[in-house]
Amino acid sequence: MSRMVEVKDVSKSFDGTLAVNAVNLVLNRGEFLTIVGPSGCGKTTLLRMIAGFEVPSAGEIRINNDRVESIPPYRRSIGMVFQKLALFPHMTAAQNVAYPLKMRRFEPAQIPSLVDKYLQLVQLGDYAGRYPHELSGGQQQRVAIARALSFSPDLLLLDEPLSALDKKLREEMQLEFRRIQQELGVTTINVTHDQREALVMSDRIAVMNEGVVQQDGTPVDMYRNPENRFVANFIGMTSLFEGTVCATGDGVVSVKSGNVLLQARSNDKVLPVNTRVDCAIRAEQIRIVEDASVYDNSVFGTIEHRIFEGDRIVYTVHVEDLGGARLHLFDHDPVSHKEYPANERVRLGWNARDLFAFQAPQSN
Amino acid sequence: MQRNQIIRTRLGWTLLDGVERLVSALWPARFKGSVGRVLLLPAVLLIGILVIGLGYMIEYSFHELDLSTYRLKDEYSLVNYAVIADRPVYMRVLNRTLLAALIVSVTTVFLAFPYAYMLVRTRSALTRKFLLIALFLPFFIGQVVRAYGWLIILGKQGLINSLLEGLGLPTLNLIYNYPSVIFGLIQYMLPFAILLIVPAVAAISEDVELASEGLGANWISTFRYIVLPLARPGLIGAFVVVFTLTLTDFAMPEILGGGTTDFIASAIYDSFFQLSNAGLGAALSMILVMIGSVIVAAIFYLAGTGTLGVREQSR
C-alpha cells in the first residue's frame, strides 16, 4: 500500500506552550484514521497543520510524497469538513458543492454532472436548490461532505463535524460517513473526542493526550491491548487502582493491591518485582459471581450505586480489600433479570488476561 | 461579617420580591405581550411629529411669497417649483450635491471596509484597541469643530502653507473648493460607515473563509465570492447612510466651501433665512426629500430586501 500522509516529528507551539509534541503518523491510501483524545490534547492543531491552516514549528508533513508545510491550503488537495460545517449561507446546496470545482478550474461543462453525482452520493439529489438554512442538521452535514469530496481530493479531513448532532443522528451519520468513505476509497483523517465514534468508524485509531500520540492501532487492538493507563482509561469504561508487582511470570504478573494478590497481564513488558503499577479493568470483564473458582481473581465488595440503562445495569462496587477502589461493572441477565440492591455484599470475579498492569509513571 | 452578608442578601431578595409584586400589581401578566409595543411608542411619536412637519412643508411649497407683505399667499400654485426649474443656479447646486454624495459614499465605503475587516479579524488586542479608539475619537469632536480644524491645517495661513512658505515654495489654495469639501465629508463619514460595516463582517464566520481557502480559493477569490457577498447588507447600509447624510449636509460645504460650493441644504437655509421665502425653501426641501427617497428606494429595490440584514437570519 502506498503512503498518502506522513507526519514526521511534527511539533507546534503557541506562545511557548507545546500543543503538538513530536508527533509521528503514517496513513496509507484509502485508510480511515481517527485521532481521538480529550479537548486540548492537540488533535485539532495537528489536523489544521495537515490542512495548511497552521504551520508546524518543527517537523515534516508529506502528502502524496510531497512536502507541504509551506504550501497554502488552496494549493493542497484536501477536502475538509469543519466542526461548524462552514457552509456558504448565500449559496444553494448545489452552488456549495460546485464552489471547489470552480475554484480549482474544472472544465465548466463538467461541473453540473459532478455536482449532481456528489449530491446523489449523499442522498440529497432533490435538495440541490435549497439554501443551507432551509436544510436540516443532517442534510447540512451531507452538503458539507459532498462539498469536501466533489473535487476528488487526495485526503479528506473531518474536524469533529458530528459533535453538534444529537445522539441518534450522530450514530446514523457515523455510518453514513463510513459508507461514503468506503465507496470512494478516499483517505480520511477524522478528529473526535468521542471514543465510540472512533471505534465505529475507523480502520485505525490514534489516541492523543497532551500533544503526544499515546498509541496508534486498529480499533480492536486499541481496545484489547492498550499500551498505557491513559489509553486503557480513555477507551471503554475502565476502573483503575494501584498495586505493586510481587512475582513475574510469562506474560503474567502477580500484583499486590491493598491486601489481595491478583493475577494480571503485563502486556509483554518486563515488570520487575516491586515495580509500582496501575491496574486497569473494563466494566464488561468483571462478573458478579457465586462460585469464584472459574476466575483467576476474586474479591468481595459492597454495591454503592446502581444505574439502570435499559439494556444493561451499571454497578459501582466499593472494594475495601483493594485499598478502597471503586470498580464499575456491567451486569445483565436477560433470562433471570436478577438485580442487586445497593449495599449488598457481592463477590466479583475476573480473569488475569483482562486485568492490565501498566508501570506507574516514575514521578509518582 | 458573614452574618452581615447574609442579612444583606436576604434584604436584597425581600426588596426584589417587593418590586416584582408591585410591578405585577401595576402591570398584570395578561398585558405582557404589549410591553414591546408600549416601548415602541416614543419612537413612533417622534416619527409622527416628523411626518406632521413634512406635511406642513408640502403645504408651504405650494404657496407663492407675496412680496408686498412678505407672507405666503393663500392660493395654491406651482410658482416655487417653476422658479427652481427656471433658475440654472438651483440645477447646478443640485447636481453638485448629488455628485458629491456619490463620490463621498463610494469612496467612504471603499475606505471603511478594510478598516472594519481588520477591526473584526485582527488577533492582536493592541491593534483592535487602537482601531476602536481611532474610530470613536472623531465622534467626540463635532462636525463644525472638525471643519474648523481643517481650516487651521489647510487654510491660507494654515499649517501646510506656512510649511511650504518656510521651504520657499509657493502657497496652495487648499480650501474653499470642491475637493476640500469632498475631503472633509469623507473624513466625517468614515466612522459612520465603519460602524455600519463592522457587524456585517463580524457575522461572517471565520470558518467560512477558511473553508473557502481549503476548497481551493486564494484570498482574492475568497474575498470576491464569499466575504463581499456576505458583507453586502452592511456595505449597502453604509452606502445609503453616507449618501443621505452627504446629500443633506450643511456644515462642511458651508465652512470648507466658504460659499463657493453650496450644497442644496445651504440653498434651503438661504431661502428660509436670507430670502425669508418659506415657500421656496419648502419646495427645495421637497425636491431634496423626493430625490433622496427615490434613490434609496431604488437601491433597496435593486439590492433586494436583504439590505441592512433585516430579514430572517440565515445561519
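The radius of gyration I will quote is taken over C-alpha atoms, and the globule rule beside it is 2.2 Å times the number of residues to the power 0.38. With that in hand, hello everyone, and let me start with chain B. A compact globule of 315 residues would come out near 20 Å, but chain B has 27 Å. Its C-alpha trace spans about 80 × 60 × 50 Å along the principal axes.

Some housekeeping before we go on. This is a predicted model, where local features need pLDDT of at least 70 and side-chain atom pairs count only at pLDDT 80 or more, while totals for chains, interfaces and linings use all residues. Residues are numbered from 1 along each chain as its sequence is written, chains are lettered from A and ligands numbered from 1 in the order in which they are written, and side-chain values use heavy atoms, with hydrogens and water left out.

Back to chain B, then. There are 13 helices and 2 strands in chain B; for these, helices (H or I, at least four residues) and strands (E, at least two) are DSSP runs, numbered from the N terminus. Of the 315 residues in chain B, 36% are buried. Buried here means under 20% relative accessible area, exposed means over 50%, and partly exposed is in between, with a 1.4 Å probe and protein chains only.

Now the charges. Chain B carries 22 positive and 18 negative side chains, and the centres of the two sets lie 15 Å apart. Lys and Arg count as positive, Asp and Glu as negative, and His and the chain ends are not counted; each charge is placed at NZ of Lys, CZ of Arg, CG of Asp or CD of Glu.

Let me move over to chain A. Here we have 8 helices and 20 strands, and the C-alpha trace spans about 75 × 50 × 40 Å along its principal axes. Buried residues are 52% of the 364 in chain A. Chain A exposes about 16,700 Å², of which carbon and sulfur atoms supply 46%. For its 40 positive and 45 negative charges, the mean positions are 4 Å apart.

How far apart in sequence are the contacting residues? A contact means heavy atoms within 4.5 Å. Looking at contacts between residues at least 6 apart in sequence, 67% in chain A join residues at least 24 apart, and the figure for chain B is 66%.

On to the cores. In soluble globular proteins, nonpolar side chains tend to be buried together. A nonpolar core here is a set of buried Ala, Val, Leu, Ile, Met, Phe, Trp, Tyr and Cys residues joined through side-chain atoms within 4.5 Å. The largest has 131 residues, and those with the most contacts inside it include Leu46(A), Leu157(A) and, from the other chain, Ile197(B). Apart from this core lies another, of 29 residues, among them Ile281(A), Tyr315(A), Val319(A) and Trp350(A).

Trp350(A) leads me to a residue that touches it. Leu262(A) has Trp350(A) among its contacts, along with Phe241(A), Leu322(A) and Leu355(A), not counting residues up to four places away in sequence. Leu262(A) sits in strand 13, residues 260-265. Why does Leu262(A) count as buried? Because its relative accessible area is 1%.

Leu85(A) is not a glycine, yet its phi is positive, about 70°. Leu85(A) is in the loop between strand 6 (78-81) and helix 2 (93-103), and is buried at 8% relative accessibility. Asn343(A), also a residue other than glycine, has a positive phi near 75°. Its loop runs between strand 18 (325-331) and strand 19 (345-350), and at 64% relative accessibility Asn343(A) counts as exposed.

Last stop, chain B again. Ala303(B) lies in helix 13, residues 278-303, and is buried, with a relative accessible area of 11%. Leaving aside neighbours within four places in sequence, Ala303(B) contacts Arg232(B) and Ile236(B). Arg232(B) is 71 residues away along the chain, but the two C-alpha atoms are separated by 8.8 Å.

Terms used
Accessible areas come from the Shrake-Rupley method with a 1.4 Å probe; for residues, only the protein chains shown count as cover.
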